[in-house]
Amino acid sequence: LLPAVLEVAFPDGRREDYLIPLVLRDGKPPMDACDDGAVLLEALRSGAPGFEATRPIPAGLPARRFAGEQSNTTVFFSDQLLVKVFRRIEPGINVDVELHEVLAGSGVAAELYGRWRVDGTDYAVFLEALPDPTDGYVLACRHARDGADFTTHAWALGEALATVHRTLAERLPSDTTASGAVLAAGFRRRFAQVEAEVDEVATHSAAVDAVFGAIADEVVATQRIHGDCHLGQVLLTRGRWVYVDFEGEPMASLEERRAPDTPLRDLAGMLRSFGYARADGGAPASWLLACRRAFLEGYGLDPDVPNPLLTAYETDKAGYEVSYEARYRPHLMRVPLDFLSQLPEGA
């Protein structure tokens with residue numbers, strides 16, 4: 001088993017490293033180890049160099065490579081565990097590995113079975129395979145399409161996220177804060193870039209500026225968070241919701257993904273995701289409002305009490321969505337624009 005690393009150079013000077021774990025056999029051409037996942041499982045079970053098991057590893061489990069589109073590669077071993085091989089690698093401990101280890105026993109994340117780490121850099125993580133998983137976004141869209149109530153699930157998602165944040169705060173304590181003024185300046189800078197790209201947001205500029213101005217005097221407590229929270233990052237497995245993919249924002253650096261942030265960033269991401277599920281299923285506005293209220297209540301927040309910081313984070317996220325949709329999915333640009341249109345003037 002040879003962990004080959006492909007270095008990719010771009011015209012602008014950037015360089016990125018990509019992992020290709022090779023299996024070498026006499027007389028045969030090299031092959032990607034993910035196409036022969038049994039090699040990886042046996043390496044973990046036998047304690048091969050770089051492989052460290054955190055739980056007993058069964059032998060002889062059949063391997064099946066996931067065929068869907070992913071930025072990393074997942075191989076399932078029967079219905080018991082899986083390995084996620086990181087393709088784009090950066091020096092140091094991978095955030096996904098770190099947080100799965102921290103969240104062990106919490107009930108809201110898959111249990112860690114082991115890791116593959118070479119010279120201090122994580123190449124793969126072995127995790128519990130969740131039985132009968134249902135994607136959160138797929139399920140929410142189905143409910144929206146059928147006009148079915150989703151509030152019980154939304155409440156449970158909020159409760160599970162509160163457990164994620166509470167566990168991270170307890171096991172990775174952080175006595176850090178962020179300045180509301182600095183946050184507001186960053187939000188305004190990003191929204192100005194959106195305004196320069198998309199003419200449709202101009203009518204919302206005053207309301208957006210008021211939202212950001214409302215947090216200028218706040219001092220915000222920060223901690224480790226999920227970092228890329230939305231309905232596509234949760235799975236319903238035999239009646240419980242589990243959060244997955246703790247790698248954080250894909251395009252952010254490892255340092256940025258590990259930096260403390262406010263848990264409200266995760267809440268804002270999930271709230272925006274409910275808006276997309278409602279649009280996908282064509283549900284009425286009342287469906288979305290009920291989901292938002294239930295999610296916040298499950299998390300432990302009163303939806304009737306104004307939360308300027310949460311509104312600012314959600315507005316910042318909506319601005320990013322406008323820019324993204326304008327470039328890649330113009331037919332969905334109405335989703336974030338609808339949110340911005342509901343911001344009161346002078347909010």
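## Terms and basis

Axes are lines fitted to C-alpha atoms, for helices over the stretch in contact, and angles between N-to-C directions run from 0 to 180 degrees. Helices (H or I, at least four residues) and strands (E, at least two) are DSSP runs numbered from the N terminus. The model is predicted, so local features need pLDDT of at least 70 and side-chain atom pairs count only at pLDDT 80 or more, while totals for chains, interfaces and linings use all residues. Residues are numbered from 1 along each chain as its sequence is written, and side-chain values use heavy atoms, with hydrogens and water left out.

## The helices α5 and α6

Helix α5 (residues 180–197) and helix α6 (residues 205–213) have axes that come within 9 Å and cross at roughly 165 degrees. The two are therefore roughly antiparallel to each other, a label given to angles over 145 degrees.

Contact (heavy atoms within 4.5 Å) is made by A184, F187, R188, F191 and E195 of α5 together with S205, V208, D209, F212 and G213 of α6.

## The open sheet

An open sheet is formed by 3 strands in the order β11-β14-β15, with antiparallel pairing, where two strands pair if DSSP finds at least two bridges between them. Because β11 (133–135) and β15 (240–243) stand at the edges with a single partner strand each, one side of each is left without a neighbour in the sheet.

Strand β14 (residues 234–237) is joined to β15 by 4 bridges, the two running antiparallel, and L235 has V242 in β15 as its bridge partner. Helix α4 (residues 151–171) packs on the sheet, touching β14 and β15, and its direction makes about 45 degrees with that of β15.

Note on methods
Angles under 35 degrees count as roughly parallel, over 145 as roughly antiparallel, 65 to 115 as roughly perpendicular and the rest as oblique.
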